[in-house]
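Reader: I have a model on screen and want to learn how to read it. Take me through it, one feature at a time.

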Amino acid sequence: MRRVSDIGVIKAEVTKYLKILLCYPMELVFWCVFPVVWVVPFIFQGKALVGGLTSQSFARLTGTDQYIPYVLIGAILNTYVMSALYGMGESLRSESYWGTLEIILGSPSRRVSILIGKALAESIMTTGYAISQSIICVVVFGLEVTVGKILPILLVVALLICGLYGLAMALAAVTLQIKESHSLVHTIEYFFYLFSPVRYPVDINPYIKMVSLVIPITYALIVVRGIMLLNQSIETLWRNVFILFIMDILFLLLGFATFTFMEKRVRQSGTMGHY
Amino acid sequence: MDAIVTEKITKSFKKKGRRRFLSKVESDETIFACDGVNMRIRQGELFGLLGPNGAGKTTLVKVLSTLLIPDSGDVYIEGINTLRDPIAARKILGVTTGGERTLYWKLSAHDNLRYFASLYGISSQEAEKRIAYLLDIMELTDKQHMRLEKFSTGMRQKVSIARAILHDPRVILLDEPTLGLDPSFSRFLRRFIREELNQTQKKTILLTTHYMDEAEQLCDRIAFMNRGRIVVLDTPDNLKRSIPHEEVLELRCVGTLRDNLAGLEGINRSYFTYEGGVTTVRIHADDTEKVMTSVIDIVRKQARIISAHVIKPTLEDVFIHLTGVKLTDDTGEKGE
C-alpha cells in the first residue's frame with residue numbers, strides 16, 4: 001500500500017487554495033487595501049484628541065512618539081490575526097458547503113498535513129496582503145522600512161503565524177461541530193482588539209496589560225515595533241521571542257488536539273457533511 | 001475472503017422534540033438509521049442496496065467508508081477492521097456519495113483530479129497517466145481544463161466517479177450514482193460500472209439506488225433495506241420468484257384515481273406511480289385474469305385508460321410485497 005506524502009498533500013492544498021482564491025479578484029483587492037484604510041479613522045481620532053500626531057503621554061507609554069507607524073504596524077500584523085481567526089474555519093466551512101469535506105477527511109492522508117496545507121496557504125496569501133499593505137504604508141504614510149530589519153521581523157511574523165494557526169485549528173474544529181463560527185470568532189477578535197496593543201499601548205491600563213500577556217500578537221508587536229521604531233536588536237528582545245515560541249507550541253498542541261477530538265465527534269454524530 | 005463484511009452495525013441519531021419557548025412540546029426520539037445490519041459482499045461482486053429514502057442506505061455507506069462511527073458493530077473491508085485502522089481501509093476504498101457536490105466547481109476536471117490524487121499519495125507522474133486514462137474513458141479529455149461550473153450535471157458526475165476510482169481502489173461504494181442524470185448519462189454510467197469496473201477490472205462494488213431497473217440490470221445480488229434493517233438479500237431472479245404472484249396487472253391511464261382498488265375482492269395490494277401526467281396502477285392479485293374486468297370498469301369511470309398489461313413482477317413489486325412500503329417518493333400505495 002502506498003504511503004501518502006505529507007509534503008505532497010500540503011503542496012496540493014496550497015495550490016488548490018490559491019487557484020480558487022484567484023477566481024475572486026475583488027477579494028484580493030479588498031484584503032490588500034482594507035486593513036490600512038481601517039486604521040485611518042484612528043489616526044484622525046488621535047490627531048483630533050491631541051491636536052497633532054505626537055503626544056508626550058503616548059511617547060511615555062510606548063517609548064516612541066511615532067503614532068502613525070505604531071498603529072500601522074498594529075494593523076498589518078493584525079491582518080494575520082484576522083486571517084487565522086476567519087480563514088481556517090471559513091475554509092472548512094466552505095469545504096463542507098461544497099460537499100468536499102467528507103471526501104477530504106475520508107481520504108487516507110493525515111489530518112495534520114491537510115490543516116498545515118490550509119494554514120500555509122492562508123499564510124502565503126496574508127503575507128501577500130501584508131506586503132501590499134506595507135507598500136501602501138511606505139508610499140502614503142511614509143513608513144520607513146530598513147532592509148537590514150526585515151529578516152528579524154520575518155522571523156517574528158513566522159512565529160506569530162505558527163501560534164495563530166494553532167488557535168485557528170481549534171476554531172476550525174469548533175466550526176466542524178457547530179457549523180457557524182462567526183459569533184465565536186467575533187468575540188475572540190474583539191477580545192484581541194481590546195487586550196492586545198494593536199491600536200493602543202496596553203500599559204494604559206494594568207488589567208488590560210495583564211490579560212495581554214496571554215495573547216501571542218502582544219509579543220510579536222513588542223518585537224516588531226521595538227526593531228522598527230526603537231531600533232532595538234532582536235538580542236535585546238529575545239525574551240519576547242522565546243515566550244512567543246513557547247506559546248506557539250502550546251497553541252499548536254491545543255489546536256491539533258481540539259481538531260482530532262472534534263473530528264471524532266462529528267464522525268460519531270454524522271454531522272460532518274452538514275453545513 | 002469476503003470484500004465487505006458488516007457485523008451487527010447499529011447507528012442511531014437523536015431527533016430532538018419540538019420546543020416552544022423553554023418547554024418541550026414533543027419528547028426526543030431515537031431513530032435507528034442502521035439497526036443490526038449484517039451483510040457479506042463477495043470479492044468481485046456487484047452488490048445492490050435498495051430502499052426508499054430514509055431507509056438507511058447512505059448511513060450504511062458512510063459507516064463503510066469510515067465517515068461515520070457506528071454505535072456498535074464491526075466493519076471489515078477486505079479483512080481490515082475499519083474502526084481499528086480507518087487509514088488502511090481508506091486506501092483500498094473508493095467512494096462516491098453526494099454526487100456532483102463533492103468536487104471543486106471553480107477548478108477544472110484535471111485540477112480536481114490532481115488534487116485528489118495527492119490526497120491518495122499518487123505520484124505526479126502516475127497521477128497524470130491515471131487522469132489521462134480516466135478522462136479518456138469518461139469522454140472528457142477535450143474538456144479537462146474547463147472549470148466544473150461550466151459542466152453539466154452528468155459530466156460532473158462522471159468526474160466524481162473518476163475521482164472515486166482515481167487511486168484504483170479494490171472496493172468501490174457508489175451511493176446513488178445516477179440520481180438526477182438524464183437517460184444517456186445514466187446508460188453510460190451503468191455500462192461503465194458493469195462492464196469496465198466490475199467485469200473487466202474485477203472491482204467489488206456496492207451500489208445504492210432506488211431505481212429498481214438499475215439494480216436489476218447491474219447487480220449480482222441485491223439487499224432490500226427498510227427502516228435501518230436488511231429485509232431480504234438474494235439475486236434479482238430469486239427475489240422476483242419469492243412473491244406468490246406470478247403476474248401483475250398494470251394499467252396506465254390519464255386522470256386521478258380516487259377509489260381504493262385494494263378493497264376489491266381478490267386484490268391483495270395495489271399501488272400507483274405518476275410520471276409525466278400518466279398514472280400507472282399495479283395490482284397484485286391471486287388471480288389476475290379474474291379481477292381484470294372489474295378493475296378496468298372502476299378505473300374507466302375515473303380516468304382514461306391508455307393501456308392494460310399483465311406482466312411479470314419487478315423488484316418494486318417484491319419490495320412492496322415484503323415491506324408494504326414504496327421504493328420511490330412519487331408513488332401511492334393501498335394495501336391489504
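**Reading burial, domains and strands**

Author: Start with a helix. D237(B) sits in helix α8 (residues 236-241) of chain B. Helices are DSSP runs of H or I with at least four residues, strands are runs of E with at least two, and both are numbered from the N terminus. This is a predicted model: local features need pLDDT of at least 70, side-chain atom pairs count only at pLDDT 80 or more, and totals for chains, interfaces and linings use all residues. Residues are numbered from 1 along each chain as its sequence is written, while chains are lettered from A and ligands numbered from 1 in the order in which they are written.

Reader: Does D237(B) count as buried or exposed, and why?

Author: Count C-beta atoms, placed from the backbone: 20 or more others within 10 Å means buried, 12 or fewer exposed, and in between partly exposed. D237(B) counts as exposed because it has 9 C-beta neighbours inside 10 Å. Compare A170(A), in helix α7 (residues 147-178) of chain A. A170(A) has 22 such neighbours, so it counts as buried.

Reader: Which residues is A170(A) in contact with, leaving aside neighbours within four places in sequence?

Author: Contact means C-beta atoms, placed from the backbone, within 7 Å. A170(A) touches L254(A), G255(A) and T258(A). A170(A) and F251(A) are 81 residues apart along the chain, yet their C-alpha atoms are separated by 8.6 Å. D237(B) and L261(B) are 24 residues apart in sequence and 28 Å apart in space, C-alpha to C-alpha.

Reader: How is chain B divided into domains?

Author: Bounds come from an automatic or database domain assignment. Chain B has domain 1 (4-240) and domain 2 (243-334). Their centres, taken over C-alpha atoms, are separated by 33 Å. The contact takes 15 residues from domain 1 of chain B and 13 from domain 2 of chain B. On the domain 1 side, α7 (212-218), β11 (221-226), β12 (229-234) and α8 of chain B each supply at least two residues.

Reader: Which strands pair with β15(B)?

Author: Two strands pair if DSSP finds at least two bridges between them. Strand β13 (residues 248-254) of chain B runs antiparallel to β15(B), joined by five bridges. There, R252(B) has T280(B) as its bridge partner. Strand β14 (residues 267-275) of chain B also pairs with β15(B) in the antiparallel sense, over eight bridges. Y274(B) stands opposite T279(B). In the hairpin of β14(B) and β15(B), G276(B) takes a positive phi near 55°.

Reader: Why is β15(B) largely enclosed by the rest of the structure?

Author: Six of the eight residues of β15 (residues 278-285) of chain B are buried, so the strand is largely enclosed.

Conventions:
Contact = placed C-beta atoms within 7 Å.
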